[in-house]
Amino acid sequence: MAAEPQPQLSEAQIAVHWREEDYYRPSAKFVAQANAGDPAIIERFGEEHFPECFREYADLLTWDTYWHTTLDTSRPPFWKWFVGGRLNACYNCVDRHLATSRNKAAFIWVPEPEDQDTRTITYQELYRRVNEFAALLRGFGGVDTGDRVTFHLPMVPELPVSMLACARLGVIHSEVFGGFSGTACGDRIADSGSRVLVTMDGYYRGGTLVDHKAKADEAVAAARKLGQEVDKVLVWRRHPGQYASKSPMVEGRDFFVDEILADYRGHSVEPVSMPAEAPLFLMYTSGTTGRPKGCQHSTGGYLAYVAGTSKYYQDIHPEDTYWCAADIGWITGHSYIVYGPLLLGTTSVLYEGVPTYPDAGRCWRIAERLGVNIFHTAPTTIRMLRKVGPHEPSNYDYHLKHMTTVGEPIEPEVWRWYHDEVGKGEAAVVDTWWMTETGGFLGSTLPALQPMKPGSCGPGVLGIYPVIYDEDDNVVEAGSGKAGNICIRNPWPGVLQTVWGQPDRFVDIYYRRYCKDQDSTDWRDWPFLCGDGAVQAADGYFRILGRIDDVINVAGHRLGTKELESATLTVAEVAEAAAVPVMDELRGRAVEMYVALNPGLAPGPEIEQKVAAAIEREIGKIARPRNVWIVPDMPKTRSGKIMRRVIAGISNFADVGDVTTLANPEIVDDIRHHVQSAK
Ligand code: PRX
């Protein structure tokens with residue numbers, strides 16, 4: 001196997017200058033009620049207590065069999081947590097709350113359009129629905145412990161129901177974000193080897209009922225091309241009894257869940273007691289190479305980690321009304337909409353719609369009506385809400401005690417708006433830095449104990465010991481003002497176990513770069529490469545500068561440049577393609593595609609449209625480029641490598657750096673003239 005290309009810091013990331021921001025402190029009222037209010041917790045998670053400190057997180061779970069070894073490091077970097085322990089994820093999220101909270105809301109679902117009734121799903125109802133669907137999956141779907149099932153579901157209660165049903169059976173779920181295309185879903189079905197696809201006929205987006213089932217047909221066809229047959233497509237109906245899609249149901253393959261469920265009414269399924277190390281789910285994400293990788297998360301370690309971080313960083317109490325306005329199709333939704341909040345037995349809001357539809361007040365109306373007191377979202381959403389309704393929150397009578405941001409760096413002025421306007425100056429804010437691979441937070445502040453600093457996520461979270469290395473493997477000291485590659489020095493329970501089906505790639509991507517001794521079984525020799533550039537201030541707080549690999553973070557979603565380029569190359573006219581990030585006021589970054597055509601072809605808007613359409617078809621609407629530039633040639637090194645740095649410089653009206661080593665330096669001015677005069 002070819003070695004994974006190793007990421008490099010860009011020049012802009014190495015030289016970083018910024019103003020230190022002032023600290024903000026939470027209110028005495030917040031501190032008095034916080035789950036982590038005693039500074040002794042920081043001591044308890046000190047390095048001298050590693051790995052046993054994580055027992056405190058694991059003790060938040062109910063185990064069928066207690067573990068005998070907290071951390072097994074015998075086969076690095078395939079760490080094993082809570083070895084010997086057995087538990088069931090669904091039992092922990094649902095069954096164990098019935099004794100005290102049977103009729104408490106687990107989820108309050110807020111559907112679109114706004115005039116549709118909000119639906120409360122109690123823990124009892126969740127229990128019933130999960131059991132029936134688990135019985136259906138086993139009996140009708142024919143799946144069993146260890147099998148994989150792919151979901152392509154939007155923000156509807158059927159998604160957590162499906163996840164928990166799989167978890168009850170020890171079946172590994174793999175949810176593909178609903179906005180991804182059928183082809184992208186098919187790739188993930190094939191990679192995970194799923195024979196069952198769970199989807200929905202349609203869902204509401206911005207007031208319209210979107211036809212979603214059509215994507216299932218594309219997904220099945222794309223999976224087949226890659227050698228994977230899907231036996232059954234289980235279709236939930238957005239309005240049971242009515243079919244919202246134009247796509248015909250395929251006889252013998254497609255089934256309406258609401259019809260089949262009639263045979264499973266009242267059925268219950270014993271939760272399967274799984275080893276702590278059994279995989280709970282796969283979550284695909286983009287990386288350096290073209291193929292998305294299936295990050296495999298464990299049952300015991302992952303659940304312990306999300307329970308602990310939800311409790312101490314999100315400050316979730318059972319009596320809170322918590323709203324994470326992310327999509328469950330991303331890791332944030334898995335960890336901090338479904339598993340973390342349910343493990344703590346709280347009430348969560350699930351929102352189907354778009355935050356700014358039908359107007360800038362929608363989120364604040366929901367917060368007011370439902371009494372939301374914890375709100376979690378991404379900087380992109382915050383920027384959007386600020387743009388469309390900067391003073392809108394003050395029109396609504398809601399009070400948040402705590403707010404979170406995740407997914408991208410947040411600009412200090414956006415942070416301040418979030419704190420002052422959305423939080424009305426009353427809420428503690430945590431900026432949580434982490435990624436799909438890490439299961440839960442890596443860097444943040446304990447809201448009652450560590451002050452907030454706009455633009456910085458904070459220090460490593462409890463039990464996480466980050467370090468920044470430069471390109472020559474030296475440690476970059478805090479307060480030096482220099483940036484480097486941020487790594488985590490130690491294993492932690494939430495870290496991915498492997499890349500599904502590709503253990504070598506897993507080692508290569510995350511551990512090869514800074515491994516000190518490949519034969520060592522001492523975890524200290526195996527730092528985990530996060531994939532971000534970062535700087536650490538003298539106070540120990542980290543500021544995250546963005547990805548160092550070929551990933552573009554658009555509105556908090558990771559898009560691989562290779563995936564964008566492969567999609568573009570499906571257009572017959574295109575000979576070469578390069579994807580670059582450009583600054584975007586709302587989404588942080590947007591994508592621009594540069595393409596060179598096959599000889600003899602003339603540029604034109606039809607080709608630009610074909611490229612945009614191909615990207616939408618292969619990946620999804622979220623990846624649609626802001627511009628497609630057709631250029632006579634790409635700037636290339638003498639060895640023929642496309643110099644994306646130069647193209648990105650042109651797109652951003654920035655310095656393109658040294659071009660003397662290019663094989664065709666004259667092309668730079670040509671492209672600059674073409675692009676910059678059109679912008
Ligand atoms: O670059 C970092 C950025 O998002 C990347 C991870 O993306 P994904 O796997 O999709 O997970 C997103 C939700 C956890 C990181 O490598 N990122 C995430 N959180 C922050 C961030 N950048 C700055 N500040 C954050 N709080």
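**View 1. V94, V130 and Y594 in the largest nonpolar core.** Of the 204 residues in this core, V94, V130 and Y594 touch the most other members. A nonpolar core here is a set of buried Ala, Val, Leu, Ile, Met, Phe, Trp, Tyr and Cys residues joined through C-beta atoms within 7 Å; buried means that 20 or more other C-beta atoms, placed from the backbone, lie within 10 Å of a residue's own. Helix α7 (residues 123-139) gives the most to this core, nine residues. Helices are DSSP runs of H or I with at least four residues, strands are runs of E with at least two, and both are numbered from the N terminus. This is a predicted model: local features need pLDDT of at least 70, side-chain atom pairs count only at pLDDT 80 or more, and totals for chains, interfaces and linings use all residues. Residues are numbered from 1 along each chain as its sequence is written.

**View 2. The contacts of V94.** Leaving out residues up to four places away in sequence, V94 touches Y123, L126, Y127, V130, L164 and L342. Touching means C-beta atoms, placed from the backbone, within 7 Å.

**View 3. The shell around the ligand.** Among the 21 residues around the ligand, P409, W433, M435, T436 and I544 come nearest; a residue counts as near if its C-beta atom, placed from the backbone, lies within 6 Å. Two or more residues each come from α13 (331-343), β20 (428-432), β24 (528-536) and β25 (542-547). The largest share, three residues, belongs to β25.

Note on methods
Buried ≥ 20, exposed ≤ 12 C-beta atoms within 10 Å, placed from the backbone. Contact = placed C-beta atoms within 7 Å.
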